[in-house]
Amino acid sequence: MMASVTANIIVQFGADTAAGSTSKQLSAEIDGRADGHNNGNTSFQPGQTAWLLAYASDGLSVKAFTSAGTVAAYGSENVEITEDITFAGEQTSPLGKPATSIKSVQWMGTNLGGVSLGADQVTVTASGGGAEKVGVARITYTAKAQVYGLTPPLTLNGETSFSIAVLFVGN
């Protein structure tokens, strides 16, 4: 039996400027969705394409680089994501990926009111949050994902079990 090859990548960054805070976000992951490009698979055999999703804030141009094989962009698609977001003594909290819209909010316990998405596409604000307030919101939102295919070689330096690194850079 051939060994599986697995990879998981997450890249996040932000920048502050003297005129105020401008934050951009970039994250990437293996498409592990049951109805996604990999049909729920997150480990692969040599020669089998692994499909990746990159989520970038508006205005970022994304490039992908790989340590072996080839990586290529295959367009974009909207992905529905559900996350539990914690507000603990703060009125704001970040989502894991840049969102284009919030579809639904369900408070898991204490209700801190309405939730809105900030202009940076990542920060969510709970209208009733703040000092000495705590709550968890199950937020379903839509994010735009750029789809990439990573095609590895059948062998790498004579090996059939290996790792490949993928670097996503946003400018």
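## Strands and cores in a predicted model

User: In what order do the elements of the protein run from the N terminus on?
Analyst: This is a predicted model, and from the N terminus on its elements run β-β-β-β-β-β-β-β-β-β-β-β-β-β. The protein has 0 helices, and the number of strands is 14.

User: What percentage of the contacts between residues at least 6 apart in sequence join residues at least 24 apart?
Analyst: A contact here means heavy atoms within 4.5 Å. Among the contacts in the protein between residues at least 6 apart in sequence, the share that joins residues at least 24 apart is 72%.

User: How much of the protein is buried?
Analyst: The accessible surface of the protein comes to about 9,200 Å², with 49% of that surface belonging to carbon and sulfur atoms. Of the 171 residues in the protein, the buried ones make up 35%.

User: Which element gives the largest share of the largest nonpolar core?
Analyst: This core has 19 residues, and those with the most contacts inside it include Tyr-55, Phe-87, Trp-107 and Ile-139. Two or more residues come from each of β6 (50-56), β8 (70-88), β12 (123-126) and β13 (134-151). The largest share, 6 residues, comes from β13.

User: Which residues does Leu-95 touch, not counting those up to four places away in sequence?
Analyst: Leu-95 is among the residues with the most contacts inside the largest nonpolar core. Leaving aside residues up to four places away in sequence, Leu-95 touches Gln-25, Glu-83, Ile-85, Leu-117, Gln-121, Val-122, Val-124, Ile-139 and Tyr-141.

User: How many residues does the second, separate core have?
Analyst: Leu-60, Val-62, Leu-150 and Ile-164 are included in this second core. The number of residues in it is 18.

Notes
Residues are numbered from 1 along each chain as its sequence is written. This is a predicted model: local features need pLDDT of at least 70, side-chain atom pairs count only at pLDDT 80 or more; totals for chains, interfaces and linings use all residues. Side-chain values use heavy atoms; hydrogens and water are left out. Helices (H or I, at least four residues) and strands (E, at least two) are DSSP runs, numbered from the N terminus. Buried means under 20% relative accessible area, exposed over 50%, partly exposed in between (1.4 Å probe, protein chains only). Accessible areas come from the Shrake-Rupley method with a 1.4 Å probe; for residues, only the protein chains shown count as cover. A nonpolar core is a set of buried Ala, Val, Leu, Ile, Met, Phe, Trp, Tyr and Cys residues joined through side-chain atoms within 4.5 Å.
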